[in-house]
Structures are given as structure tokens and as C-alpha cells.
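Hello,

Here is the structure I promised to pass on to you. Have a look at it first, and then read on for what I found in it.

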Amino acid sequence: MGNKTSRNTSIEALRLFAVAGIAIFHTFQWTFQAVCTGLPEYVPLAVFPYSGALGFINLLGCWANEVFFMISGYFLIPSAVRALQNGSSAPDLARKSFARLKKIVLPTLFYCAACLLVSMYVYPLPEISLHEIGWLTLGIEFIWVYAASVLLIPVIALIRQRVGSKRAPFVVALLVLTTFGINCYIAATANEAAGVVLWRKLMSAVTYLVAFIAAGEMRFVLECHGNASGAQISKIVLIGLVAATIALELLLSANSQYDALWKLSYKSTSVISFILAVASVAAAALHQPRHEAPAADKTIMSLAAGTLAFYAVQSFTCNVWRPIFDNAIYTMATGIQTEEPRPAAAMLLGILMSICLALALLLMDIVRRAVVEAIKAHMNS
């Protein structure tokens, strides 16, 4: 499996790719929806191959969310299982989970307070106020589901210990198959009634948790069967899956199958995104760096540590930056000013703006952590 440093660096680099995926997905989210619903003003982006590229970007967002949960489950669940095997008690695991919870909740609350103060006294952020709670609940449900998953680690470890290591892979596989059986049924349901929409929301949260559990079990499997040849095979499989996914999206785009493009990539309920996430985490876990690069490794680790901060702030401020991004993409794609539609340039512009936004928010969190550490050091001295 490689040494701890190389393994962590590879997986933290994957986490950064996931951040970029989430950023790009959120930038094009409404553009993709407009294309799939047939809005006439978005015709330049609805033709082949651009609608296929938008479909792949939408899958990228689903993939990124599941990768984040899988990376955490990959490390935390096996650690808890081994702690039980070495004599730790359930209360011991619970205390560790609450300690991890503090690292999730405190930074999130900091950014909640910071954005609220900005909205009240500096610049009004739409929907960010003391009189609304949507921005604190469904607005960052990703973070709260992750916090709940961390709290459930002792329960997951105890259940696995009771099930046994031989039966655990089959139980997890059955859980995954059942979950995505329900997801496929929901995706295939044409009715957009409130009940179906609610089920989609609930199953998104359930799927995150299932991805979290599946990654924990995947680590046990990789530790038994992972080797140098396995690392090479995992890369080939990942490349093949990405190529097949792109081909599928382009095929649907060429045949104007917008409904299929939409249903294949609904949030975290996409089976394609889940398979890609499993392959990505496996390939990163088995990857063996050829050269040591301490400075690059440290940079990757520092940036990746701001993932939750990025997710929270980009959610709180989405009603500020998204209209700007949407307008820039729409203007270039339709050629309103130049009288020449440039959909390819519009997509490249959207990707560039997304990466710049993500990088700015990750750097901002590095500054926050540095200030916190300086304050702690001063207080201890």
C-alpha cells in the first residue's frame, strides 16, 4: 500500500481534484439544467459535443462529493475497527469521533458567522440572515451529512466486528446494490412530484453514507490484494471508465438525449459517478510516487485541508458569484456582444473561473488556520 506519506499525498491530491470538480459542477449546474430543459437561448450549448461536455461536468460534481466521503471512510473506518480489535471500547471510539466532529463543526460555524457579519454590515449576501435557516441547513447539507457519518463511525465499526471480516464485503456489496437499485428507480421516475423530489434528497444523503462505508471496506480488500501490478491495473481501469463515460455522454449528446443526460447524473444518486469514485480512490491509494517532492506534498496537504471551508463559503456566497459566472458563460456562448456564438470558449472560461474561485477559498482557509495556530501558540506561551 506504500508508505504513509506517499499514500496520503496521492489521496490528498485526489481530494483537490474533487474540490475542482465540485467548483466546476456548481458553475455549470444551472447551465446544464437550462440545456436539458430546452431553453432556446441556450441552443449553442445544447448541440454536440457541448451538451455531452456539460453532462460529464454534472457527473463530475456527483463524483467529487462521493470521493470526499470515500477518502474519509477509507481511513477512519478501518482505524476504528482495528482500535476495537486492539482492545479499545465503544466509548473510546465515541470520544475520538466527537474530537473529529469539533474539527468539522468549529470551522463551519466560523464561516457561518463570518458570512453573516459580512451580509449584515458590509455587503448583503442574498438569503444569508438571522431570519432564514435554509443556508445553514440544506445549503450545507453535505457538511452535516459528513458530520453525521463521522459520529456513526463507532456504530459502523461495532457492526462490522459483529458481522465478521469474511462476511463484511458481501454485506457492504448488498448495501451498495440495494442503495443504487433505489437510486436507479428514482432516476427513472418521470414524475417530479414533491414526494419524488424529497426521496431524491434523502437518497443523496444515504448514498453519501453508503460511499463512506464502502470505502472503509475497500481498504481491507486492497490491503489483502493490492500490489504493484494492482496499482497499474487500477490506473488502466480508471482510464477506461473515464473514456467510456465520456463516450456515453457524447453519444447521448449526438442524439439529443437530454433527458437521459439529466437522469444519469442526478446528484450523488448516479451509479456512474459512484463507480468512477471507487476506481479513483483505489487508484490513488495504490499509487506509488516515483520521486519525493516535500514542497509539493506540503502544498497539496495544506490546500486539501481547506475542503470543507471551500464547500461552506462557496455555498454561502453562491448567489453572489453564480450570477456573474452565469452571465459571463451565457454572453460568450450566445455571442450577444460579438454576434458570434463561442460555446467552447464559454466552457473554458467557466472552468477557469471555477478553479480560480476554488483556489482563492482554499488559500483563504490556509490564512485562517495560520491565524488560529498563531493565537494558540501565543496563548500557550
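Asp-365 and Arg-369 sit 4 residues apart in helix α15, so about one helical turn separates them. In this predicted model, the two form a salt bridge whose closest N and O atoms are 2.5 Å apart. Asp-365 is buried, with a relative accessible area of 2%, while Arg-369 is partly exposed at 22%.

Salt bridges that share partners also join Arg-82, Arg-219 and Glu-223 into one network. I come back to that group below.

Asp-365 has another partner: its side chain meets that of Arg-368 in a salt bridge of 2.7 Å, N to O. These two are 3 residues apart in helix α15, which again means a separation of about one helical turn. Both Asp-365 and Arg-368 are buried.

While you are looking at helix α15, which covers residues 343-380, you will also find Ala-370 there. Ala-370 counts as partly exposed, at 46% relative accessibility. How far apart in space are Ala-370 and Ala-90, given that 280 residues lie between their positions in sequence? From C-alpha to C-alpha, the distance is 34 Å.

Now back to the network. The salt bridge between Glu-223 and Arg-82 has its closest N and O atoms 2.2 Å apart. Glu-223 belongs to helix α8 (residues 194-225) and Arg-82 to helix α3 (residues 50-85), so this pair ties together parts that are 141 residues apart in sequence. Both ends are partly exposed: Glu-223 has a relative accessibility of 32%, and Arg-82 has a relative accessible area of 28%. The count of salt bridges comes to 8.

Side chains of opposite charge can pair when their charged atoms come close. Which charged residue is buried yet has no salt bridge? It is Arg-322, located in helix α14 (residues 318-334). Leaving aside residues up to four places away in sequence, Arg-322 touches His-26, Gln-29 and Trp-30.

On the surface, please look at a nonpolar patch formed by Leu-117, Val-118, Met-120, Tyr-121, Val-122, Tyr-123 and Leu-130. Together these residues have about 780 Å² of accessible area. Leu-130 is found in the loop between α4 (90-121) and α5 (141-151), and this residue is exposed, with a relative accessible area of 64%.

Finally, a few words on the chain as a whole. The protein chain has 15 helices and 0 strands. Its radius of gyration is 21 Å, close to the 21 Å that the globule rule gives for 381 residues, so the chain is as compact as a globular protein of that length. The C-alpha trace spans about 70 × 50 × 50 Å along its principal axes.

Buried residues make up 47% of the 381 in the chain. Of the contacts with a separation of 6 or more, 84% are between residues 24 or more positions apart. The chain exposes about 18900 Å², and carbon and sulfur atoms supply 69% of that area.

I hope this helps you find your way around.

Best wishes

Definitions and conventions
Residues numbered from 1 in each chain as written. Predicted model: local features only at pLDDT ≥ 70, side-chain atom pairs only at ≥ 80, totals over all residues. Heavy atoms only, no water. Patch = residues over 30% accessible without salt bridge, like charges linked within 9 Å, V, L, I, M, F, W, Y side chains within 5 Å. Areas by Shrake-Rupley, 256 points an atom, 1.4 Å probe, with all protein chains shown as cover. Salt bridge = Lys/Arg side-chain N within 4 Å of Asp/Glu carboxyl O. Buried < 20%, exposed > 50% of the residue type's maximum accessible area, 1.4 Å probe, protein only. Lys, Arg positive; Asp, Glu negative; His and termini not counted. Contact = heavy atoms within 4.5 Å. Rg over C-alpha atoms; globule rule 2.2 N^0.38 Å.
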